[in-house]
Amino acid sequence: MHKPLPLQCISLNFRGIQYAQAMLFAIEEINNSTDLLPGISLGYKIYDACVFIARGLTVALALANGNELVFAPTKASCARPAQVQAIMGGTFSSPCMAISTVIGPFHIPLISHLATCACLSDKTKYPSFLRTIPSDYYQSRALAQLVKHFGWTWVGAIRTNDDYGNNGMATFAETAQQLGICLEYSVSVFRTDPPDKIRKIVDIIKASTSKVIVTFLSPTDLYLIIHELHNLTGYQWVGTEAWIFDFQTAANDRHHILDGAIGLSIPKAHVSGMREFMLDVRALNSSSDEIFTKFWEKLFRCKFNRSKSAAMNQSECTGHEDLTGVQNSFTDMSLMPIFYNVYKGVYAVAHALHRILGCNTTCNNKVQLNSFMILQHIRKIQFKTKEGDEVYFNENGDPPAKYEIINWQSTENGIVDFVPVGLYDTSLSADKQLNLQNKTLIWAQNSQQVPLSVCSENCPPGTRKVLQKGKPVCCYDCLRCAEGEISNITDSILCVRCNPEFWSNERRDACVKKEAEFLSYEEVMGALLTAASVTGTCLTAVVAFIFFRYRQTPIVRANNSELSFLLLFSLTLCFLCSLTFIGRPSEWSCMLRHAAFGITFVLCISCVLGKTIVVLMAFRATLPGSNVMKWFGPAQQRLSVLGFTLIQVVICILWLTISPPFPFKNFKTFNDKIILECALGSAVGFWAVLGYIGLLAMLCFFLAFLARKLPDNFNEAKFITFSMLIFCAVWITFIPAYVSSPGKFSVAVEIFAILASSFGLLICVFAPKCYIILLKPEKNTKKNMMGKGHQNHFD
């Protein structure tokens, strides 16, 4: 809505004067040298662009056309036309970009001492641009690595809203993302921004949770921020070379907001004679030159006045003022590394001219100079300064990147001391580029403790990171690893499952070997079952002894003593085979336990079946005219027992041959335990063994049930019936209990079924006989056993 005001330089900047002085020092040194450009004097022209892009373009075009306005002309005559061979400057990246774009087609070299934007390395856009300060391509990455080194993953970012700030921060953000660093906010500021915008930026800083602020700011823009922050301290500032070692910036920080700041600076430099030359202001005293008149008046805070009435005025400039005791940005030599960059730029042009002119003892003045020729030689130049520093440019016109790491440390009198605490050198390998010295660093609020600036605390071992929805990757929750999974590093993004034989510990940070579980003799349950097995074996032995001792008595003889002893032998084996189920499973124990169990039980049932058939046949034999017993005598009884048992033996041999049981580690039943058990191998073989036992048991039960009421005083069939009833009940109950019992309890169920059925047979078949033998011997007679029975039968 309003016409912009014309661009005017409204004040004098001492830093600009210092840069000009550094250039003059180099030119004077070259002109007085007999080794470099002998017989040739360099001329110069100084222009003030006032940091305005438009003004910079104006003077650049004026230089290219030769119709320039000269602010500080040289009065010496030149042997050649006043054709510009190279331009030194400018100070900031944006003006350099504009100037280089304009003068690029003319191939006029533009050598900057302070423009660091990485974009200027693009030779397709800026073909004639070179610089003596490293590119922000390296500085941005160095800052990101510095931030990462101190563990700051949650930072704020403020940049100058120009090419320097925007490009530098973009590169930093890209590198930071690769290193796992997140920006909570990224805001821009420019010195012409209205106060409202500055206050909004300050409000963002106050509302943030990050305690580290990374800056790509010029000193002027930084001052706008800290002026508005007032005395809000506690933030850790990380800065670039633009302000980190600038004495004037530290002087403007009256509230010590920047105390403890850390950042990158150009390495310290010393050029003999430069300081003295720059502070020799008398050489600049020329009242006829407007720019230096203003300089003198501002430096000594006086005023030139030619009227005699003002001669006695104390504020009048005499031109003979003494610089001793004056302290301002002009007398501050903290930017000596930047002045050295100006010095190296001038010498680069001189060395290029020295080569072009073929200078040895004298120079060839007849060589026709042109800017393209000079540009090509400057790109290839390589020399050492008198201080021993090597100067050269790479293919992008950039020098090698090397930075000092500076820490702001307040002294007792409140003055900031710029303490070098490390070095960043891109010429070294990637893992050695960042090198922090073993020095005490001072942080925000003069703390010696490294500040913490993270969105989320580190996830300890035993947990994994889970990103918070809608937030950057640095904001996450720590979830405990699931059972069987671990994480043994900090900030793990996933939990690793343990190997099948291992399980996670309570802290979920290590895998521990799973406990191997099996039914052992040492535990209570194993000991009880062992005791029951041994007890059953002993009872069987006692019964066998009793039967052997009274083998000639009627009750033993009447119940087929041969089958009785065979049955007692098989019961002994049944009790003992249960012991094979206890202990750590092995290949042999797995095969033995099932085969022994199957064969001994069939032998046992076969004996009982034989006894049952004997009872039935004995009754048939008492009928008139019956001779059935001749078909089931002792030989036939032995053959039947042998035949029934051989069938089971064949089944077991086939099972053990084709697919035998084998030791197996069960990882599925329990997560934190390994169940050592015997796999069946062939399930068909296992159930064939059980099925055959069940078939014989059912047949025996059926026959005994038929003979339970036969007219005998001591009929064994009713006891066999009851024993088979117990046997079948136990094994019918065993099947669901076995299938549903976990781990070693399934083995215990099987042992219990073996012992219960064995005790059932022992007690039901032999207990009544032992009772008669031991406690009722008067009934152990043939008359008592047969008399009543025969009377009832024949009645």
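This is a short walk through the structure above, from the whole chain down to a single side chain.

Please keep in mind that this is a predicted model, in which local features need pLDDT of at least 70, side-chain atom pairs count only at pLDDT 80 or more, and totals for chains, interfaces and linings use all residues. Residues are numbered from 1 along each chain as its sequence is written, and side-chain values use heavy atoms, with hydrogens and water left out.

Let's begin with the overall picture. The protein chain holds 21 helices and 22 strands; these are DSSP runs numbered from the N terminus, with helices (H or I) of at least four residues and strands (E) of at least two. Of its 795 residues, 49% count as buried, meaning under 20% relative accessible area, with exposed being over 50% and partly exposed in between (1.4 Å probe, protein chains only). Among contacts (heavy atoms within 4.5 Å) between residues at least 6 apart in sequence, 67% join residues at least 24 apart.

Now to the sheet. Eight strands make up an open sheet with mixed pairing, in the order E5-E4-E6-E7-E8-E11-E12-E13; two strands pair if DSSP finds at least two bridges between them. Strands E5 (182-189) and E13 (434-436) stand at the edges with a single partner strand each, so one side of each has no neighbour in the sheet. From one strand to the next, the twist averages 25°.

On one side, E7 and E8 run parallel and are joined by two bridges, with Gly239 having Gly263 as its bridge partner in E8. E8 (residues 262-265) also pairs with E11 (residues 402-410), in the antiparallel sense and over four bridges; here Ser265 has Glu404 as its bridge partner. In a regular strand the side chains alternate between the two faces of the sheet. In E8, Ile262 and Leu264 point one way while Gly263 and Ser265 point the other way, and all are buried.

Helices lie across these strands too. Helix H4 (residues 136-149) lies across E4, E6, E7, E8, E11, E12 and E13, and runs at about 175° to E6. Helix H7 (residues 219-229) lies across E4, E5 and E7, at about 175° to E7. Such angles run from 0 to 180 degrees between N-to-C directions, and axes are lines fitted to C-alpha atoms, for helices over the stretch in contact.

Next come two helix pairs. H2 (residues 53-65) and H3 (residues 93-103) pack at an angle of about 30° with axes 9 Å apart, and their crossing is right-handed. A crossing gets that label if the near helix is turned clockwise from the far one by less than a right angle, and is left-handed if anticlockwise. Ile53, Gly56, Leu57, Ala60 and Leu61 of H2 meet H3 residues including Pro95, Ile99 and Val102.

In the other pair, the axes of H13 (residues 524-549) and H15 (residues 561-577) come within 8 Å and cross at roughly 165°. The two are therefore roughly antiparallel, a term for angles over 145 degrees, and their crossing is left-handed. Among the residues making the contact are Gly536, Val543 and Phe547 of H13, with Phe565, Leu568 and Phe575 of H15.

Finally, look at Phe644 in helix H17 (residues 634-658). Phe644 counts as partly exposed because its relative accessibility is 23%. Leaving aside neighbours within four places in sequence, Phe644 is in contact with Val602, Ser606, Leu609, Tyr692 and Leu696.

Key. Angles under 35 degrees count as roughly parallel, over 145 as roughly antiparallel, 65 to 115 as roughly perpendicular and the rest as oblique.
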